[in-house]
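Hi everyone, thanks for coming along. Let me put my structure up on the screen, and then I'll talk you through what I found in it.

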Amino acid sequence: VIQVAVLVFASIALKAVFDSHNKAAKPIPNMYSIHSWVGLGAVILFGLQWVAGFVSFLFPKLSDGLRRWYLPHHRFWGLTIFGMVITACLMGLTE
């Protein structure tokens with residue numbers, strides 16, 4: 001439930017960022033920095049990982065072998081996304 005809330009709030013935040021760029025008196029271009037790309041990539045990968053984890057671990061008809069195969073990949077992508085979020089935050093502070 002918390003991860004769904006995070007995904008919803010991150011999507012609302014992205015919408016707010018795009019609106020603040022587009023509706024400013026002097027519009028600011030969207031996706032002009034690496035901070036933007038890393039942040040958007042982190043949100044997209046988080047959503048994809050959430051869907052893949054939900055299907056892999058909560059879908060009752062999936063075999064145990066497939067779940068065992070996916071678990072290391074799930075952990076890898078979790079750490080990768082966490083690193084991307086930290087990177088995006090630090091790049092946002094320097095802008």
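Let me start with salt bridges, where a side-chain nitrogen of Lys or Arg is within 4 Å of a carboxyl oxygen of Asp or Glu. By this rule the count comes to 2. Before I show you both, a word on the source: this is a predicted model, where local features need pLDDT of at least 70 and side-chain atom pairs count only at pLDDT 80 or more, while totals for chains, interfaces and linings use all residues. Residues are numbered from 1 along each chain as its sequence is written, and side-chain values use heavy atoms, with hydrogens and water left out.

Now the pairs themselves. Side chains of opposite charge can pair when their charged atoms come close. When I say helix, I mean a DSSP run of H or I with at least four residues, numbered from the N terminus. An α-helix has 3.6 residues a turn, so residues three or four places apart point the same way.

How covered are these two? I call a residue buried under 20% relative accessible area, exposed over 50%, and partly exposed in between, using a 1.4 Å probe and protein chains only. D19 counts as partly exposed because its relative accessibility is 23%. K15, at 52%, counts as exposed.

The other salt bridge is between R67 and D64, with the closest N and O atoms 3.9 Å apart. These two sit in helix α3, residues 64-94, and because they are 3 residues apart, about one helical turn separates them. D64 has 49% relative accessibility, so D64 counts as partly exposed.

On to the aromatic rings. Rings of Phe, Tyr and Trp (its six-membered ring) pair if their centres lie within 6.5 Å; planes under 30 degrees apart are stacked, over 60 edge-to-face, and the rest tilted. How many aromatic pairs does a search of the whole structure find? It finds 3. One of them is W50 with F54, a stacked pair at 5.3 Å centre to centre and 20° between the planes. Both lie in helix α2, 4 residues apart, about one turn of the helix. W50 is partly exposed because its relative accessibility is 27%, and F54 is also partly exposed, at 45%.

Another of the pairs is F57 with Y70, which is tilted: 5.9 Å centre to centre, with 40° between the planes. This pair links distant parts of the chain, since F57 is in helix α2 and Y70 is in helix α3, 13 residues apart. Which of the two is buried and which is partly exposed? Y70 is buried, at 13% relative accessible area, whereas F57 is partly exposed, at 29%.

Let's stay with α2 for a moment. It has 25 residues and reaches 35 Å from its first C-alpha to its last, close to the 36 Å expected at 1.5 Å a residue; that expected span is 1.5 Å times one less than the number of residues. The buried residues in α2 include S36, G39, A42, F46 and G53. What covers the buried residues of α2? The cover includes α1 and α3, where contact means heavy atoms within 4.5 Å.

F54 comes back here too, in α2, residues 34-58. Together with V51, V55, L58 and F59, F54 forms a nonpolar patch on the surface, with about 480 Å² of accessible area together. Patches are made of residues with over 30% relative accessible area and no salt bridge; like charges are joined within 9 Å, and nonpolar side chains (Val, Leu, Ile, Met, Phe, Trp, Tyr) within 5 Å. The areas come from the Shrake-Rupley method with a 1.4 Å probe, and for residues, only the protein chains shown count as cover.

Two last stops. G92, in helix α3, is 57 residues from H35 in sequence and 6.1 Å from H35 in space, C-alpha to C-alpha. G92 is partly exposed, with a relative accessible area of 28%. And then there's M31, in the loop between α1 and α2. M31 has a positive phi of about 55° although it is not a glycine, and at 19% relative accessibility M31 counts as buried.
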